[in-house]
Amino acid sequence: MDQENKSIAGVIKEYRVIGPPGTGKTTWMARQVKAAVEKHGADKVLVTSFTRAAAKEIAGRDLGISSESSRMVGTLHSLCFHALGKPTIAESKLEEWNKKMIHVSSWICLPQGVDLDDLGAIGEAASDGDKLKMKASRWRSLMIPHSRWINTPEGLWFEAWKQWCQQEGYTDFTGLIERALEEVEYAPGYPKVAFIDEVQDMSPLELALVRSWGSKMEGILLAGDPDQSIYGFKGASPRAFYHPEIDERDYRILGQGYRVPQSVHAWSTDWIKKASDHRPVEYMPRQGDHGEVVKVNDPAVNYRTASADCDWFTDLVDKNSSGTMMILASCAYMLTPSIKALKDLGVPFHNPYRSHRGDWNPMRGGVDRVLRFLAPAMSGRAQWTWSELHQWSSIVKAKGAMKHGAKSLIESNSKGMLSKIFVKHEELEAMFEKDFYDEALGHAHDLTSRPWKWLMDQAADSGKLLYACNVADRCGWRGLVDQPKVIVGTIHSVKGGQADTVLMFPDMSPAAWKEYEADDDGRNGAVRLFYVGATRAASKLILAQRGTQFSVW
């Protein structure tokens, strides 16, 4: 057994691994988890990360601890949720809260959904109430007693929130960790060892729970990268990773990079030095590839000018069409011009890390309807199933196309056992007007006739199919099926991802800029954020010009 496995097996209590961008931290951890499972058994190894998907990747597929039902793999919040007996989550009852607070509009929070398996998906504060909730959560995550901030706006908000939660028997996200720290002495399943990933994004409260559980184990491994700590708004800090100090022999630095090429590495490592809390570690770029960094000098090349009529943006998309590309900004609203331009140009794009966001994942809805219409030609069969027929025909203008009662019949048969049954020719003739049916069937079997355009012309609301048709015109019908090569999102949303080319805008919101200028913590947080964005690039990094005065370069 090598030294690193001896360490986690019990020679020490806490072992730390620092993995800079693209150094294979997940792969390295998976090897350690496998060794621990072989030693202790699958039911005695705990794996947690910022998302369940990340934890499952570390746990592997063949170790017996990565099944959906496993108590030993997941986010820390999810583990606490199950350990506490699945309490009702307050954030799932925000409509109730808002009704109660209807007389205090500034305390109302917009419902954003509940996903304990991916708290990184929590979006930007959308209302004044959301901002108060986020600030209150940060105080709690920093383990600052409420008595010290009770007279702040967020302190007054939290007093009412706490009383409401107690009255209704609800527990909020932060309360899951607080309660577990007080009530759950042992980690779920009584593991002997635990692997904790993305520690740099954990708050002092979360780390206190991890270390409390770890004190009852043979050892814990904390893995992360302090330079990639970008969740300061929830209390995370690189300082939490390093404290308390441990013997240097109990650190492992993964120093060889496999993603970031030399030029991007040089820019990134120079950039991160701007953070006053940066601790240099050995970190080498990918060997044999210089890569490219382009710092744009044209003031017109910024997030505000991105459009389908803009030469720089269309050239960017065309020149990088053979590889993957990310378009990144610090705030979601800064992506709006790029999203519109991509749609107008018919460029397929998505954000696989935030699939719940429809604006970042438009390859559904209209795209699905077009694909269902094209199903006969794409699969080489004669007809549609009832489900396929319903998906595309439901948007068609009934007059001149469908006979009375046809839409209701199709909708009814698209559910249940009939949904996957092929519709017979005589059934179609009975539901559709002859001319329409003949045209529909002809276009559905002829991919060279731009059948998507014909379908859009028949739609009651053609706008629902416009993007799908733009994509098909640009890329052919395969563009509707293949995984998009362009990823659009905030830097926070793509943490852990990569692309051949990264276009990054340097602007911040006025509120974030205020924090940036206020103190070292605000400035350091911004430096780390753009460091994370830059190090997503596997080949080329494009640094756009500023679009506002709130810019970091």
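## Basis and conventions

Contact, or packing, means heavy atoms within 4.5 Å. Helices (H or I, at least four residues) and strands (E, at least two) are DSSP runs, numbered from the N terminus. The model is predicted: local features need pLDDT of at least 70, and side-chain atom pairs count only at pLDDT 80 or more, while totals for chains, interfaces and linings use all residues. Residues are numbered from 1 along each chain as its sequence is written, and side-chain values use heavy atoms, with hydrogens and water left out.

Helix 16 spans residues 386–393, and its buried residues (under 20% relative accessible area with a 1.4 Å probe, protein chains only; exposed is over 50% and partly exposed in between) are W386, E388, L389, W392 and S393. These residues line one face of the helix, because they fall within an arc of 160° seen down its axis; the arc is that of the directions from the helix axis to the C-beta atoms. An α-helix has 3.6 residues a turn, so residues three or four places apart point the same way. The buried residues of helix 16 pack against helix 14 (366–373), helix 15 (375–379), helix 17 (406–413), helix 18 (425–431), helix 19 and helix 20.

In helix 11 (residues 262–272), the buried positions are S263, V264, H265, W267, S268, W271 and I272. Their cover includes strand 7 (292–295), helix 23 (520–534) and strand 12 (537–543).

## The second largest pocket

Pockets and cavities were located on a 1 Å grid over the protein atoms alone: a cavity is a set of points where a 1.4 Å probe fits but cannot get out, a pocket is an open set with protein on both sides within 12 Å along at least five of seven lines, and lining residues have an atom within 4 Å of a point. Grid points are joined across faces, edges and corners, and a volume is the space filled by probe spheres set on the points.

The second largest pocket has a volume of about 880 Å³. Its lining comprises 38 residues, of which A54, E198, K495, G496 and G497 are the closest to the centre. Helix 2 (25–40) and helix 3 (52–59) each supply at least two lining residues, and helix 3 gives the most, with 4. By class, this lining has 9 nonpolar, 17 polar and 12 charged residues; Ala, Val, Leu, Ile, Met, Phe, Trp, Tyr, Cys and Pro count as nonpolar, Asp, Glu, Lys and Arg as charged, and the others, Gly among them, as polar.

## Enclosed cavities

The whole structure holds 2 cavities of 30 Å³ or more. The largest cavity contains about 70 Å³ of space, and its lining includes I18, D225, Y242, H278 and R528. That lining has 6 nonpolar, 1 polar and 5 charged residues.

The second largest cavity has a volume of about 40 Å³. It is lined by L46, T48, L76, A194, I196, V210, W213, M217 and I220. Strand 2 (45–48), strand 4 (193–196) and helix 9 (204–214) are the elements that give two or more of these residues. Its lining has 8 nonpolar, 1 polar and no charged residues.

## Backbone features

Most residues other than glycine have a negative phi, and most peptide bonds are trans. E198, in the loop between strand 4 and helix 9, has a positive phi of about 55° and is buried at 19% relative accessible area. R450 also has a positive phi, near 55°; R450 lies in the loop between helix 19 (434–444) and helix 20 (451–458) and is partly exposed, at 37% relative accessibility.

A cis peptide bond joins H243 and P244, with omega about 0°. P244 is placed in the loop between helix 10 (238–242) and strand 6 (251–253).
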